[in-house]
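Hello,

Here is the structure for your files. My notes on it follow below.

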Amino acid sequence: MAAHWERRLPTLPAEMAEHGAVWLQGVLDPPMIAALAEAVERCRTAPGRHYRRLSPEGVPPLESELFRWADTPASRALGTGGPLPAIAASVFGADTVILMEDQWFRSAAGAEQESPWHQDHPYHPLEPVFLTVWLPLDPVPAGAGLKLVRGSHRGPIFAPVEFSTTAATLGDDSGTAGLAPAEAMAAAVRDRWAPPARPGDAVLIDSRTLHAAGGACDTLFRRLSFRFAPIETRITPRAWPVATFWSDHAHSAVPGAALESPAFPAVAALDQPAFR
Ligand SMILES: O=C(O)CCC(=O)C(=O)O
């Protein structure tokens, strides 16, 4: 019998269009969660170029890293088969999607650093809208889960916000022309939604939906964000700084270039979960 989240696949496009965020329960099973949590620990001991400590030195850290799916079997399996591509394909009404990036976040017990309120969209020179799938791997410390402003995907695009207090995650300081300032974003967050997601659950986020996470954690709190884009996604240069890693990709400076490429592969939505 299909899992509850599988039965919701047909209604995801309408739910995402209305709310800009959806909470799905029981997407990952315990062996998957354990393998992914262990993968975070392994990545952390051998960090790559896209690792950042997001909190100041000298306090329990919030750490994060992008693009480990290529050398991390559990992340590769999650990004290229099983439930996540199937969910993304349902959201986009497609058979194939692009795996944009994987990102892990790890708040040590005692960490206090938050991932600030932001939208994912302005960090990327891409159109159209893409999808983030947020996955807690540990029980969520009270108040440190994902918070979202449902419906904000229909509002303005806000200026991207720097996540790191140590090493920049945003590119050059070319201004934020045409974007509303952060105070406008803060004003918008009165009406926030905090789905009580547990390990195994997934929260789907439209790339324009305002959200934040983390903060004071009394216990270890690891989570993943996997981002998927529609297959027709094109490079759309921005008049503001985007994530630093885009300068690694020559085609990111070519307006109208297809995103799909070896670094951003197309993945098919499979009928059978491939992650076992
Ligand atoms: O879990 C977190 O701390 C932040 C996740 C997030 O905001 C994102 O992936 O866009």
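**Ligand shell**

Strand S10 supplies the largest share of the shell around the ligand, 3 residues. Please keep in mind that this is a predicted model. The residues around the ligand are Gln 103, Phe 105, Ser 115, Asp 120, Thr 132, Trp 134, His 211, Ala 213, Gly 214, Arg 223 and Ser 225. Two or more of the shell residues come from each of these elements: strand S4 (96–107), strand S7 (131–136), strand S10 (211–214) and strand S11 (221–230). By type, the residues of the shell divide into 6 polar, 3 nonpolar and 2 charged.

**Helices H3 and H4**

Two packed helices are described by the angle between their axes and the distance between the axes. For helix H3 (residues 30–45) and helix H4 (residues 73–80), the axes come within 8 Å and cross at roughly 125 degrees. An angle over 145 degrees would count as roughly antiparallel and one from 65 to 115 as roughly perpendicular; H3 and H4 are therefore oblique to each other. Which residues meet where H3 contacts H4? On the H3 side they are Ala 35, Leu 36 and Ala 39, and on the H4 side Ala 74, Ser 75 and Leu 78. The residues of this contact divide into 5 nonpolar and 1 polar, with no charged.

**The whole protein**

The protein has 13 strands and 6 helices. Of its 276 residues, 43% count as buried. Among contacts with a separation of 6 or more, 82% are between residues 24 or more positions apart.

Regards

Notes
Residues numbered from 1 in each chain as written. Predicted model: local features only at pLDDT ≥ 70, side-chain atom pairs only at ≥ 80, totals over all residues. Axes fitted to C-alpha atoms, helices over the stretch in contact; angles between N-to-C directions. Helix = DSSP H or I, 4+ residues; strand = E, 2+ residues; numbered from the N terminus. Parallel < 35°, antiparallel > 145°, perpendicular 65-115°, else oblique. Contact = placed C-beta atoms within 7 Å. Nonpolar A, V, L, I, M, F, W, Y, C, P; charged D, E, K, R; others polar. Near = placed C-beta within 6 Å. Buried ≥ 20, exposed ≤ 12 C-beta atoms within 10 Å, placed from the backbone.
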